[in-house]
Amino acid sequence: MLAWWVAFLFRFNFDIPAPFAESMLQSAAWVIPLQATFFLLCGLYRGVWRFASLPDLQRLIRAIGVAAVVVVAILFMFQPHGVVPRSVLIMNPMLLLLLMGGSRIAYRAWKEHRLYGAAQSSGKPVLVLGAGDAAIALLKDLSKSHEWRIVGLLDDKQSMFGRELLGVKVLGKLSDFPEIAKAMSVQHVIVAIPSARQQRRRQIIDMASQHKLKVLTVPSLEDLMSGRVSMAQLRPVEVEDLLGREPVVLDDDGLHQLIDSQVVMVTGAGGSIGSELCRQLLKFQPSMLVCFDHSEFSLYSLEQELTALKLDVRIEYLVGDVKNARRVQHVLASYQPSTVFHAAAYKHVPMMENRNVAESLSNNVLGTFTVASACKAAGVNKFVLVSTDKAVNPTNVMGASKRLAEMVCQGLQAETGTRFVVVRFGNVLGSSGSVIPKFKEQIALGGPVTVTHPEITRYFMSIPEACQLVMQAGLMGKGGEIFVLDMGDPIKIVDLARAMIRLSGLGDDEVDIVFSGLRPGEKLYEELLADDELTLPTPHDKLRIAVARSADEAWVVALLKWVDKSSSMDEAVVKQELKMWVEEYAGDIHASLSSALTPGSSTIH
């Protein structure tokens, strides 16, 4: 109503002649209800003014534009009583947009000043590294924070220097942040450049750590899209961010064909690899996910986590031992999965090396055979074995047992029926038994950090990446292959320890690193392929196929008899006879090498 009246005032220089005043009132009687109807239909009155934003402005423009066109059409076609000047028809939509849009924006500004005005001038000063979409979202969220006050942005795009984003100035290049932070007395920096390559992110994080700046980063894109966190939920940079790799590109369409509307089973579902496999599989909407694990507590923890997600997928949590043939057969017959991911295994090298040799062989070899043969009998389409790089030229019982498990799967492979696929990869960050939690605990206690050997190196990848590639290999496998994951470059464990010390805010000279000597069965260097193996490329750039020595069904039967007998044998004899089954096993050679390499412990600063 105000916009209609003001449009007439502007048209007649604030002195409306009597005939036009009467015309204004007569036309308002049908124009105002007409406009209100369109505004209702376009949902203008459903929005919350406190959160007015660009989508609300777009709805306003749409509704006002349509209403203006209809008013003009009615005046032209039906010529109702009274004359409406053309300039009024032009000014009225403009005034409507100004009054309706301005009132919403003004209310939001007033409300936010009341709620967060004090927050914008308080809080710890912080620099944001990056000036892209992630930084914009972060600025919006942190404008309401009482904890942080953003004093500047940094970006490598020269065209952004001196510009302002939401009132915050771009101060310079990313590489300048140590000097800028010192000049502005800033103790914290936030890395908000998710699009940067991992190598560049590592350089930035490492530089911040060296200057003893506390580094925070924004949540991952996956967490943001899932709705579990907001951009403002910052977290400290972890060692995983330093060692992170480029994201895996998955064949989503193919994985949907493998998993969507199918029953999928995961053994060892409560473990670090098994539980992440469950999370990843649920994204592809199986009709049912069967989680099978020997540990009641691990399964309970997984149930609590997945139940909280309120997914529209039936999930069964079953306690059972993979060596219990009757239980495994009953589960497969009851749920009839199309694909089984076998992640259940004993994986801790030193623990399995002494006094637990027979149990390691029983669980990793006999357990794999029990599940694999039951899958074959039940007509399961695919069986995917999660293996390890420690199966290559194994120097320990655990690695040898996993190599035997691989050969069991190859020995069971027939021309028709279940297709057995093996996936082999190295260490995963944050898995149970990983060195990273141990280092964190030692640093928190002030050190020393214990590393077994100054030259020991390992391959690392994140648990999600490993599980994504396990699924991708499961999709690509035709039966009998051993897929080898691209683990990137090996990392020295001592370098990993130094990086973690710096990330904790301490200098390299503040925490000692002690070399304790190689443990039983431990290698200095890990391999992904044995000496007599070749690899073949696959369509996926992070997967290759190992052409390895295989076995037949008769060999598998003889192996199982020996494994069953090993529980009553002396461990030294078991290790000696293990060479007959795994020719490349070199347990005793490693033992002598280990003793030669580790005459005592040493310390570095």
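What percentage of the 605 residues in the protein do buried residues make up? In this predicted model, buried residues account for 49% of the 605 residues, where buried denotes under 20% relative accessible area, exposed over 50%, and partly exposed the range in between (1.4 Å probe, protein chains only). Residues are numbered from 1 along each chain as its sequence is written, and side-chain values use heavy atoms, with hydrogens and water left out. As the model is predicted, local features need pLDDT of at least 70 and side-chain atom pairs count only at pLDDT 80 or more, while totals for chains, interfaces and linings use all residues.

The protein contains 22 helices and 23 strands, assigned as DSSP runs (H or I of at least four residues for helices, E of at least two for strands) and numbered from the N terminus. Of the contacts with a separation of 6 or more, 77% join residues 24 or more positions apart; a contact here requires heavy atoms within 4.5 Å. The accessible surface of the protein comes to about 29200 Å², and carbon and sulfur atoms contribute 56% of that area, as computed by the Shrake-Rupley method with a 1.4 Å probe.

The largest nonpolar core comprises 48 residues, among which Leu361, Phe383, Leu404, Leu559 and Trp562 touch the most other members. Such a core is a set of buried Ala, Val, Leu, Ile, Met, Phe, Trp, Tyr and Cys residues joined through side-chain atoms within 4.5 Å. Helix H16 (residues 397-412) supplies the largest share of this core, with 8 residues. Apart from this core lies another, of 40 residues, including Ile273, Leu282, Leu289 and Leu485. When neighbours within four places in sequence are set aside, Leu559 is in contact with Val365, Leu404, Val408 and Trp581.

Aromatic pairs number 6 in the whole structure; pairing requires the ring centres of Phe, Tyr or Trp (its six-membered ring) to lie within 6.5 Å, with planes under 30 degrees apart counted as stacked, over 60 as edge-to-face and the rest as tilted. The rings of Trp555 and Trp581 have centres 5.7 Å apart and planes at 70°, and the pair is therefore edge-to-face. This pair links distant parts of the chain, with Trp555 in helix H20 (residues 553-566) and Trp581 in helix H21 (residues 571-581), 26 residues apart. Both Trp555 and Trp581 are buried, and together with Trp562 they form one aromatic cluster. Elsewhere, the charged end of Arg11 sits over the ring of Phe12, 4.6 Å from its centre; the criterion is NZ of Lys or CZ of Arg within 6 Å of the ring centre and within 35 degrees of the ring normal.

Thr37 is located in helix H2 (residues 18-41) and is partly exposed at 41% relative accessibility. The side chain of Thr37 reaches the backbone oxygen of Pro33 at 2.8 Å. The C-alpha atoms of Thr37 and Ala63 are separated by 9.7 Å, the two residues being 26 residues apart along the chain.

Backbone geometry was also examined. Most residues other than glycine have a negative phi. Gln285, although not a glycine, has a positive phi of about 50°; this residue occupies the loop between helix H11 (272-282) and strand S9 (288-293) and is partly exposed, with a relative accessible area of 38%. Gln336 likewise has a positive phi of about 50° without being a glycine. Gln336 lies in the loop between helix H13 (325-335) and strand S11 (339-342), and its relative accessibility of 61% classes Gln336 as exposed.

Notes. Polar contact = N/O pair within 3.5 Å; in protein donor to acceptor, adjacent residues only side chain to side chain.
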